[in-house]
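Hi there,

Here is the structure I promised to pass on to you. Have a look, and my notes follow below.

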Amino acid sequence: MHHPVNTLPPNLAGWSSSSTGVDHVHERVGVAAGPEILVTALVHGNEYSGAIALAELLASGWAPACGRVTLAFCNVAAFERFNPAQPDASRFIDEDFNRLWAAEVLDGPRRSAELDRARQLRPFVDRASHLLDLHSMHEPCMPLLVTGTLARNIAFAQALGTASQVVVDGGHADGVRMRDYGEFAEAAGSRIALLLEAGQHWDPHAVGAARDTLMRFLVLAGALARSQVPGGWLLPDRQPPAPIVVTDRVVAASTDFRFVDHFTGGETIARAGTVIATDAGREITTPYDDCVLVMPSVRQLRPGVTTVRLGRRA
Ligand SMILES: [Zn+2]
């Protein structure tokens, strides 16, 4: 099922050439020393709510008070293929940009449109003390902040003061996400990386969530004071719900996988053993009481694809 495209793709033509030497990557530097922040959008080419926020920030002439903020539009080649009649077709060109972030893959001999671009962006990811990666979701859903499993990232996400559900998730078996790359995933380090799922891709609320989270992230990282945030970017402060720790992934075994209800994520299923889906007639049940459903989707349904994550509230 397609959802309506209610936001227009941003025009990035003016943000191609850059003094960084890498197209669609822009630096803004403050007068005082401070954090080295990287904000990324368009890791998936059809998820452009974050790109709208970055383009707006660049167009406003904004710069941080402290440190350096790098704003990167990642998979622009895929984004440029966006067609509202087939809005899911432009997620990537050759492969998922967000499964390539392991040294052996980046240093390896293989090439693809996404690997070439990841290699261009790698120096900016390597130097970042803080990474915020802006995504959105196929299904209508409350915003989520995906933290990985380290306590410092969970605490940073909770401290942002948004209503976003913090999801503690170890990543994907089929490749490493940018937010799990290198030192971002090392327990001994101090580097912070968060991934925002801002809501449904083409819902105007996803743009609002991306803008709000971006500014809160910059403030908490130390790039500017809260009083220096430009007008109109912040939503009201919220008390975030308790984090959800992902324990299981439900992987489709067939193309005949269906949920028993119109789940949108965040539902708490009270009793262990409750049927939540069927897969070629086989019943999929919850493994424990008070099991929370995270990002249910049959968007890219085929055998081997994750259809929903299951978690517990911490
Ligand atoms: Zn994405």
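How many salt bridges are there between domain 1 and domain 2? The count is 2, where a salt bridge is a side-chain nitrogen of Lys or Arg within 4 Å of a carboxyl oxygen of Asp or Glu. The side chains of D169 and R249 also meet in a salt bridge, at 3.0 Å from N to O.

Before going on, please note that this is a predicted model, in which local features need pLDDT of at least 70 and side-chain atom pairs count only at pLDDT 80 or more, while totals for chains, interfaces and linings use all residues. Residues are numbered from 1 along each chain as its sequence is written, and side-chain values use heavy atoms, without hydrogens and water.

The domain assignment (automatic or from a database) gives domain 1 as 13-228 and domain 2 as 245-313. In contact (heavy atoms within 4.5 Å) are 17 residues of domain 1 and 12 residues of domain 2. Between them about 1100 Å² is buried, with 52% from carbon and sulfur atoms; this is the accessible area (1.4 Å probe) that two parts lose on being put together, summed over both. R91, E139 and V168 supply 31% of the area that domain 1 buries against domain 2, more than any other three residues.

Charges meet rings too. R191 lies over the face of F184, 4.3 Å from the ring centre, and the charged end of R312 sits over the ring of Y288, at 3.8 Å (CZ of Arg or NZ of Lys within 6 Å of the ring centre and within 35 degrees of the ring normal).

Enjoy exploring!
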